[in-house]
Amino acid sequence: SGAHQRTFDQVELSVATEYAAEDADIALRLHQALAARVKALGMQSLLSEVELPLIEVLARMEIAGIKVDSDELDRQRARLQNELESLRGRIAAASPHPINPDSPRQLAAALFNRPNQSPPGLGLRVLKRTRTGASTDSEVLERLMADPEVTTQLPSLVLEHRQLNKLVGTYLIALKEAIDPVTGRIHASFHQTGTATGRLSSSDPNLQNIPIRTPVGRDIRKAFVAPSGFLLLSVDYSQVELRMLAHLCQDPALMEAFHSGVDIHTAVAAEVNGVSIAEVTKDQRSAAKMVNFGIVYGITPFGLARRLGPGTRQERAKAIIDDYRARFSGIAAFLAACIEKAREQGFVSTILGRRRSIPQVHSRNPAERAFGERIAVNSVVQGSAADLIKVAMLRVERAMSEQFPRARLLLQIHDELVLEVPEGEAEAALKVVVHQMETAMSLRVPLRAEGGFGADWSQT
């Protein structure tokens, strides 16, 4: 598997024949055993109208691959290596003794040892412990950064060093190694059964977790390019899971917020705080955005306070969540109904009938039971959004083959589709893709998709 995978043309014919025959035999036996069960569970249409047709779409995507500029990866790698070298110098200056920033044990000593210990440290308070000693994971470093009493830059410098190191190793180096020397493209694999919610997953390499929230992470997308005479076209859904939540819970205030066409986070902030749209402050919108995106994941006052940053007390975060639930009571009722269905039935279902068993809701362990309640809700909303994007992929693929036969669907990044289209057809193709995505399902709130095109992925 992975980099060591051998294709059929590299295997002895006798071995390949036996493997292929066994593969076909087992597939037939499984079909005979499971077909009736799929029908009895009400998932026949999901299988025959979505998942099976999607196999051909994913196969074409894997064969097509996406063109990658290895020189651009090298340029970014060299630049980040220089930044890493500079960071190591700043870390050395901020540390009470020389450390390897990649060593959790050495970092813990620098942060938490007392100044008179050997080796000397900064004497900060230990926030979390593991079996091997004081933890220096990302959560700890972020909490130290947010603490106004901690004046050292060491936590932030180490965190930045880790992030850049990961970008270099996980992306810049790994992506270059994944480029096919014949096609000059990366041919990743896409999996329909890799997640419990029904989301597609990607591997060899994973192209679905390329970071886009930081400038450095977004720069990696510059290396994904269109061949001569073509452009890359990217279209993604706007707040698809929140829109799906509005459809499923049928909360009047949340549906109205989407129908109004106003920025959803501003509209929710206005509703929660009892003010007009024009009166919503930046902080109020930020809080509403955090709750909007966290509500289906069971966001807690502690979690919201952390996300809102220093100075936000848990009491204030709890008040924000309570006000949100009071104003959007349909959401709270829906979340409770999901959990109750999981308890009664042992499973939850998505909008197209995909089932997920939730045995954790019956656990005697409170933490595991709470986890089960969270995934009961998340599986319905995220799983329904996954159903939607799969239907959209089928519609887009069909429309492209009929109207733009030279266009190709290349990637699916959860709520985003990336295509390769001829230069002269880009504008027309964009309109068609947006239309197909926005009309993939009929929901109680409007679906919105937006995108663009350019010579590389970062320009879309």
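Is Phe328 buried or exposed? Phe328 has 1% relative accessibility, so Phe328 counts as buried; buried means under 20% relative accessible area, exposed over 50%, and partly exposed in between, with a 1.4 Å probe and protein chains only.

Before going on: this is a predicted model, where local features need pLDDT of at least 70 and side-chain atom pairs count only at pLDDT 80 or more, while totals for chains, interfaces and linings use all residues. Residues are numbered from 1 along each chain as its sequence is written, and side-chain values use heavy atoms, with hydrogens and water left out.

Next, aromatic pairs. Rings of Phe, Tyr and Trp (its six-membered ring) pair if their centres lie within 6.5 Å; planes under 30 degrees apart are stacked, over 60 edge-to-face, and the rest tilted. The count by this rule is three. In one of them, Phe8 and Tyr19 are edge-to-face, with 5.8 Å centre to centre and 80° between the planes. Phe8 lies in the segment before α1 (13-40) and Tyr19 in helix α1, eleven residues apart; helices here are DSSP runs of H or I, at least four residues, numbered from the N terminus. Phe8 is partly exposed at 48% relative accessibility, and Tyr19 is partly exposed at 49%. For Tyr324 and Phe328, the ring centres are 5.1 Å apart and the planes at 45°, so that pair is tilted. Tyr324 is buried, at 1% relative accessibility.

Last, the helices. The axes of α3 (residues 70-94) and α6 (residues 154-178) come within 9 Å and cross at roughly 160°; axes are lines fitted to C-alpha atoms over the stretch in contact, with angles from 0 to 180 degrees between N-to-C directions. That makes α3 roughly antiparallel to α6, the term for angles over 145 degrees.

Notes. Helix = DSSP H or I, 4+ residues; strand = E, 2+ residues; numbered from the N terminus. Parallel < 35°, antiparallel > 145°, perpendicular 65-115°, else oblique.
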